[in-house]
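Q: Hi! Could you walk me through the charged contacts in this one, and then the interface?

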Amino acid sequence: MTEHPFIFSNEPKYRIQRHLYFWTSWCLFQTILYGFVHTPETSFMDRLPSSFIDAILYMPSHIFLSYSLMYFVIPFYILRHKYVLSAIWIILVILSSAALSAFTSLYVINPVRSFFLSPSAMAACALTNNNSFFFSLMAGLRGGISIGGMAAAIKLMKHWYTEGQRNLQLQKENIQSQLQVLKAQVHPHFLFNTLNNIYSYTQNTSATASKLVMGMSDIIRYMLYECNQPLVPLSKELTMISEYINLERIRYGNQLELHIELPNEDTCNTFISPLLIIPFVENCFKHGLSNMLEHPWLSLTVLLDGNQMTMKLLNSKPATTNVLHAAGIGIDNVRRRLELLYPGKYELVINNEEEVFIVNLKLELEKRKDLNILSQEPILMAAHA
Amino acid sequence: MAIKCLIIDDEPPAREVLKRYVEQLPMLHLSGECSNAIQAIGMLQQQDIDLLFLDIRMPQLNGIDFLRTLNAPPKIIFTTAFAEYAVEGYELDIADYLMKPIRFDRFIKAVNKAFPKQPTIDTEEKFQPLEEKRTESFVYFRADRKMVKVLLNDILYIESMKDYVKVFTTHNTIITKQSLSSVETMLPEKRFIRTHRSFIVAIQHISTFTNEIIEVNKTEIPIGKLYRNAVLKLL
């Protein structure tokens with residue numbers, strides 16, 4: 001909200017400013033519009049002074065209508081869902097503003113004009129004057145409704161926008177707190193102590209089991225402690241991905257054909273939002289590989305060129321997998337996260353071919369030198385969590 | 001001169017892991033192990049200890065309070081399942097903070113941190129963290145009702161023919177039902193280039209080229225007008 005104080009701020013300074021702008025532009029617009037009224041005797045420029053006077057004089061009725069809609073009908077009736085009363089009040093308010101405008105045109109306009117304008121200009125105006133009360137009422141309705149409608153539209157638009165933003169924020173907080181609750185239930189120290197004990201017993205018996213327990217622990221620790229950070233070192237995220245693949249591939253024995261190519265250079269200085277890439281890999285196993293009978297394969301290539309990360313992920317999938325299934329909800333979420341976190345800095349192309357699922361992701365990451373020491377120390381980061 | 005260390009942890013399996021790790025490093029000598037901090041106070045009075053592997057949450061006296069009772073503490077490495085003591089640990093001037101379960105390579109790093117003058121140990125031969133299957137990059141294409149593996153290095157060029165593409169490799173030709181654009185997305189863009197509406201060429205196999213034609217393995221491949229600028233820029 002703070003980005004556009006002119007529109008959203010409730011500070012008197014900004015409020016007065018934006019209302020002044022609004023009415024000044026309306027006044028100018030009316031002046032020019034009335035200036036175009038067809039009168040063969042006078043030119044456009046000659047009519048401007050009198051149309052300016054008209055615009056000013058009609059303003060009270062417009063202001064009356066706009067503000068009674070914005071600060072009375074909308075907050076007390078429309079937003080409280082009292083629609084019948086709203087309709088009645090709207091009609092009443094519009095009619096009274098039209099009456100005010102009619103009164104103005106019948107009793108105020110001419111005296112004021114004759115005070116300011118030369119007799120010749122007055123004569124020109126006289127042609128367009130219509131003195132019937134009914135006509136003036138109609139004219140008042142026309143002008144009033146257009147400005148009142150505009151003001152009401154702005155008011156409602158702002159209301160829904162702030163409401164929408166707030167809901168979004170609430171949802172976010174809700175999810176956050178749910179996550180906290182979940183975390184509290186797990187009791188991480190119990191989990192890690194137990195994993196450590198299991199690790200201890202597997203050391204003598206099975207090297208594979210040891211590795212699996214260790215990999216599992218690393219992934220859980222990463223998810224529990226380090227993913228609270230807005231950014232993590234790319235190396236961390238990539239290590240987690242290879243750990244994840246290592247855990248998953250156990251399920252396939254030697255069947256799964258893997259090719260993994262990760263950046264050779266140091267990726268500690270490059271930072272990425274956590275758990276951004278894992279969902280793609282997860283998706284490979286969930287929808288593609290686990291349903292394959294014949295020759296499952298996966299190829300993951302991550303390249304880093306300066307700040308530019310390129311990820312290419314190919315995996316086989318059974319020809320029968322339906323399209324909707326192939327790109328799961330996880331992918332939708334990642335796309336949304338990319339849109340929020342890396343607007344204009346990412347390129348995600350997903351090709352769902354008959355027997356291969358292709359993800360191409362280009363991402364402009366952040367490089368940070370000064371965070372180097374901190375970031376290599378996962379424990380310190382965890383401590384902030 | 002071996003570094004004399006003491007393990008303090010209330011859980012026997014946790015001590016077991018550390019014992020194993022200590023035994024694997026010749027520069028470390030295990031002087032003893034304790035299941036609680038009170039016991040450790042006595043041990044420290046009896047013998048010289050250079051390095052403590054200290055658990056934090058223990059019955060009776062926890063690791064941090066124990067550490068505060070020591071006048072001239074040896075080097076300390078915390079070993080714990082709790083992340084929240086890290087900051088406190090650094091305030092107590094500990095050498096490192098290990099999170100359980102502890103990886104061997106991380107353990108070595110901590111020891112090196114505590115005694116930087118020791119010759120650093122190569123972690124590679126001792127304990128491969130998780131070996132990665134180093135394979136050459138490949139893709140699979142379906143041809144004649146079976147999946148055919150193709151190494152990216154072997155691909156010379158790819159030609160599209162209506163609904164099919166022909167993949168020319170160094171030793172054979174594979175025909176598969178796929179569009180050329182979808183094949184393009186499967187290939188790394190640094191190694192392959194689209195030269196024509198119906199051709200993709202492997203950059204490493206290009207032998208000669210002119211403005212109109214690229215030669216790959218004695219085959220001439222046209223350069224399309226739309227692709228000319230990009231191709232010439234790259235070559």
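A: Happy to! One definition to start: a salt bridge here is a side-chain nitrogen of Lys or Arg within 4 Å of a carboxyl oxygen of Asp or Glu. Please keep in mind that this is a predicted model.

Q: Good. How many salt bridges does a search of the whole structure find?
A: The search finds 19 salt bridges over all chains.

Q: Which residue forms a salt bridge with A:Glu257?
A: That partner is B:Lys149, and the closest N and O atoms of the pair are 2.1 Å apart.

Q: What about B:Arg15, which residue does it pair with?
A: B:Arg15 forms a salt bridge with B:Glu33, with 2.8 Å between the closest N and O atoms. The two are 18 residues apart and link distant parts of the chain: B:Arg15 belongs to helix 1 (residues 12-24) of chain B, and B:Glu33 to strand 2 (residues 28-34) of chain B. B:Arg15 is buried at 14% relative accessibility, whereas B:Glu33 is partly exposed at 28%.

Q: Where do B:Lys100 and B:Asp55 lie?
A: Both are in loops of chain B: B:Lys100 between strand 5 (96-99) and helix 5 (104-114), B:Asp55 between strand 3 (51-54) and helix 3 (63-69). Their side chains meet in a salt bridge of 3.5 Å, N to O, and the pair links parts of the chain 45 residues apart. B:Lys100 is buried, with a relative accessible area of 1%, and B:Asp55 is buried too, at 3%.

Q: Which residues are linked in a network of salt bridges?
A: A:Asp218, A:Arg221, A:Glu243 and B:Arg103 are linked that way.

Q: On to the interface, then. How much area do chain B and chain A bury between them?
A: About 4500 Å², with 52% of it on carbon and sulfur atoms. The contact takes 48 residues from chain B and 49 residues from chain A.

Q: What's the count of polar contacts and salt bridges between chain B and chain A?
A: There are six salt bridges between the two chains, and 19 residue pairs are in polar contact, both residues at pLDDT 80 or more.

Q: Which element gives the largest share of the side of chain B that touches chain A?
A: Helix 1 of chain B does, with six residues. Among the other elements of chain B that each supply at least two residues are helix 4 (86-91), strand 6 (138-143) and helix 7 (180-186). By class, that side of chain B has 24 nonpolar, five polar and 19 charged residues.

Q: Changing topic: where does A:Ser210 lie?
A: A:Ser210 is in helix 8 (residues 207-225) of chain A, and it is buried, with a relative accessible area of 7%.

Q: What does A:Ser210 touch, not counting residues up to four places away in sequence?
A: A:Ser210 touches A:Tyr199, A:Thr202 and A:Gln203. With A:Thr202, the side chains are joined by a polar contact of 3.1 Å.

Methods:
Residues are numbered from 1 along each chain as its sequence is written. Chains are lettered from A and ligands numbered from 1 in the order in which they are written. This is a predicted model: local features need pLDDT of at least 70, side-chain atom pairs count only at pLDDT 80 or more; totals for chains, interfaces and linings use all residues. Side-chain values use heavy atoms; hydrogens and water are left out. Helices (H or I, at least four residues) and strands (E, at least two) are DSSP runs, numbered from the N terminus. Buried means under 20% relative accessible area, exposed over 50%, partly exposed in between (1.4 Å probe, protein chains only). Contact means heavy atoms within 4.5 Å. Buried area is the accessible area (1.4 Å probe) that two parts lose on being put together, summed over both. A polar contact is a pair of N or O atoms within 3.5 Å; within protein, one must be able to donate a hydrogen and the other to accept it, and residues adjacent in sequence count only if both atoms are side-chain atoms. Ala, Val, Leu, Ile, Met, Phe, Trp, Tyr, Cys and Pro count as nonpolar, Asp, Glu, Lys and Arg as charged, and the others, Gly among them, as polar.
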